[in-house]
Amino acid sequence: MSTIFLFKNLLGTLLLPPANGLLLLLVAALFRRRRWAFGVALAGGALLFLQSLPIVAGYLIAPLEARAGGVFVSAQGAQAIVVLTSGLRRDAPEYGGDTLNERSLVRLRYGVTLARRLELPVLISGGVPHKASRAEADVMVAIAEKEFRAPVRWQENRSRDTADNASMSAQILKPAGIRRIVLVTQAFHMPRARQLFEAAGLEVVPAPTDFKGPGDGPPAVSDFLPQARAIQTSYYALHEWLGLAWMSLAAAANPG
């Protein structure tokens with residue numbers, strides 16, 4: 001595993017909830033005798049509180065979902081469907097081993113739905129997570145074929161992140177004459193995924209799923225109360241914003 005990959009993941013962990021707020025609280029505790037420590041503690045507590053509010057989480061993720069392209073309507077000449085994995089539940093006792101987590105299962109279900117509607121071949125992309133016994137793609141293919149009765153033509157099982165998903169999928173699809181794909185992933189992940197797949201030389205028709213942003217109606221009282229699911233949504237949103245910022249920095253450092 002490369003040093004840059006480890007650094008990127010460590011930095012991301014520290015900048016995302018709940019670690020970002022907890023890190024400020026830890027700094028305040030370590031330097032509690034300093035005058036500024038109380039202010040740092042307040043900032044850490046406020047950050048955790050705000051990220052746990054559905055109203056805040058919704059507005060963090062809404063711009064990403066707006067850039068995802070809306071609900072899928074037409075294949076627009078696409079030749080294949082690419083479904084990205086998003087993690088496993090390791091050693092699930094009820095399944096006798098690794099299985100898909102909720103994010104991956106949501107993507108698979110939508111990918112299978114589109115494959116049946118469009119009658120297009122499917123590629124599934126996802127490598128082996130840390131400490132897992134199987135690649136995410138292997139697990140998703142098995143579930144697609146055995147439980148959904150949906151054939152999968154290609155699988156890519158060496159990628160570590162979305163950039164790898166894009167480049168390694170392109171290496172499989174281009175020799176098969178495929179240049180235009182329907183890309184399936186969560187709506188909040190679509191802007192970054194689409195940009196990476198297009199950079200890999202593929203034309204992308206976005207097929208986002210699992211929209212989490214605020215609805216069209218007025219906010220409810222519960223939207224202003226801390227909730228665990230809001231922290232998760234804030235995590236997803238900030239992870240994508242950091243990913244897009246990282247891509248912009250990388251492009252600026254390597255304009256070629």
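Student: Where does Ala-163 lie?
Tutor: Ala-163 lies in helix H7; helices (H or I, at least four residues) and strands (E, at least two) are DSSP runs, numbered from the N terminus. This is a predicted model, where local features need pLDDT of at least 70, side-chain atom pairs count only at pLDDT 80 or more, and totals for chains, interfaces and linings use all residues. Residues are numbered from 1 along each chain as its sequence is written, and side-chain values use heavy atoms, with hydrogens and water left out.

Student: What about Asn-165, buried or exposed?
Tutor: Asn-165 is buried, with a relative accessible area of 6%. Asn-165 also sits in H7, which covers residues 162-173.

Student: What is Asn-165 in contact with?
Tutor: Skipping neighbours within four places in sequence, its contacts (heavy atoms within 4.5 Å) are Leu-84, Ser-125, Gly-126, Glu-156, Ser-159 and Phe-197.

Student: Switching topic: which residues touch the most other members of the largest nonpolar core?
Tutor: Phe-72, Ile-81, Leu-108, Leu-114, Ile-124 and Val-182, out of 28 residues. Such a core is a set of buried Ala, Val, Leu, Ile, Met, Phe, Trp, Tyr and Cys residues joined through side-chain atoms within 4.5 Å.

Student: Which element gives the largest share?
Tutor: H6, with 6 residues.

How values were computed. Buried means under 20% relative accessible area, exposed over 50%, partly exposed in between (1.4 Å probe, protein chains only).
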